[in-house]
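Hi everyone, thanks for coming. I'd like to walk you through one structure today, so let me put it up on the screen.

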Amino acid sequence: MTRRTLLAPLLTVLLLTAACAGPPASTPSAVPQPAPASPAGSAAAGDALSGIDVVFLSTMVGHSERTLEIVRLARDRLRDGSLRTLAAAIDATEADELAAMRGWLRTAGPGASAGAHHHAGHGDDAALDRLRAASDADVDRVLREVLADHQRAAADLARAQVDVGRSEQVRDLARRIERSRTAEVGLLTGPPAARR
C-alpha cells in the first residue's frame with residue numbers, strides 16, 4: 001500500500017477524533033483576520049477553530065513546508081520552462097497559505113502550534129533523496145513524479161477536511177487546496193503537449 005493510500009484514511013480518523021473532542025480549551029471566540037493579501041481570505045466573526053480544524057491546519061503546515069522544500073530543492077536545475085513556471089507558482093501560493101495557516105494556529109492556543117505536524121522521517125524522505133540524486137537530465141521527470149504524488153496527498157487531505165471540518169473559513173481553504181493541488185497534478189502528469 002502506498003503512503004498516499006494510507007495517509008487519507010489516517011487523516012480522516014484523526015479529523016473525526018478531533019471533531020469528537022470538540023474545540024481546544026484555549027480556542028478564541030473568533031479567528032483574527034490574516035493579512036489582506038493572504039490567499040486564505042478573511043475570518044468571519046465567530047468562526048472559531050475546532051479541534052478538527054486545528055488538526056487539519058497543523059497537518060497542512062507540515063505538508064506545505066515539505067512542498068516548499070521539494071520545489072526549492074529542484075528549481076535551479078529544471079530545464080523545462082513550463083515546469084519552472086509551475087514550480088514558482090506553487091512556491092508563491094504555498095508560502096502565502098503557510099503564513100495564513102500559521103497565523104490561524106497561533107490564535108488557537110499554544111497546544112495547536114506546538115502540535116504542528118512535521119514531515120521529517122516520513123516516506124517522502126526517500127522522494128527527497130531521489131530528487132537530490134537525480135541527474136540534470138532526469139531532474140524534470142523526477143520532480144514531476146515526486147511533486148505529483150505529494151500534491152495528490154494534499155488534495156486528499158483537503159477533501160477529507162471539506163467533509164468533516166467545522167470552521168467555514170478552514171473548509172474554504174481546504175476547497176481551494178483540493179482544487180489547486182488537483183490541477184497541479186494534472187499539469188505534472190498530463191501528456192507533454194498538455195504541459196505547455
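Predicted model: local features only at pLDDT ≥ 70, side-chain atom pairs only at ≥ 80, totals over all residues.

Helix α2, residues 51–74, packs against helix α6, residues 139–164, at an angle of about 170°. Anything over 145 degrees counts as roughly antiparallel, so that's what we call α2 and α6. Their axes are 11 Å apart. On the α2 side, the contact includes Ile52, Phe56, Met60 and Ile70, and α6 brings in residues including Leu143, Val146, Leu147 and Leu157. If you sort that contact by class, you get 15 nonpolar, six polar and two charged residues.

Take arginine 66 and aspartate 125: their closest N and O atoms are 2.9 Å apart. Arginine 66 is in helix α2 and aspartate 125 is in helix α5, so this pair ties together parts 59 residues apart in sequence. And is arginine 66 buried or exposed? It's buried, at 7% relative accessible area, while aspartate 125 is partly exposed at 25%.

Next up, arginine 77 bridges to aspartate 136, at 3.2 Å between the closest N and O atoms. Here both partners sit in loops: arginine 77 between α2 and α3, aspartate 136 between α5 and α6.

Then there's arginine 130 with glutamate 145, at 2.2 Å. That one links helix α5 to helix α6.

Conventions:
Residues numbered from 1 in each chain as written. Heavy atoms only, no water. Axes fitted to C-alpha atoms, helices over the stretch in contact; angles between N-to-C directions. Helix = DSSP H or I, 4+ residues; strand = E, 2+ residues; numbered from the N terminus. Parallel < 35°, antiparallel > 145°, perpendicular 65-115°, else oblique. Contact = heavy atoms within 4.5 Å. Nonpolar A, V, L, I, M, F, W, Y, C, P; charged D, E, K, R; others polar. Salt bridge = Lys/Arg side-chain N within 4 Å of Asp/Glu carboxyl O. Buried < 20%, exposed > 50% of the residue type's maximum accessible area, 1.4 Å probe, protein only.
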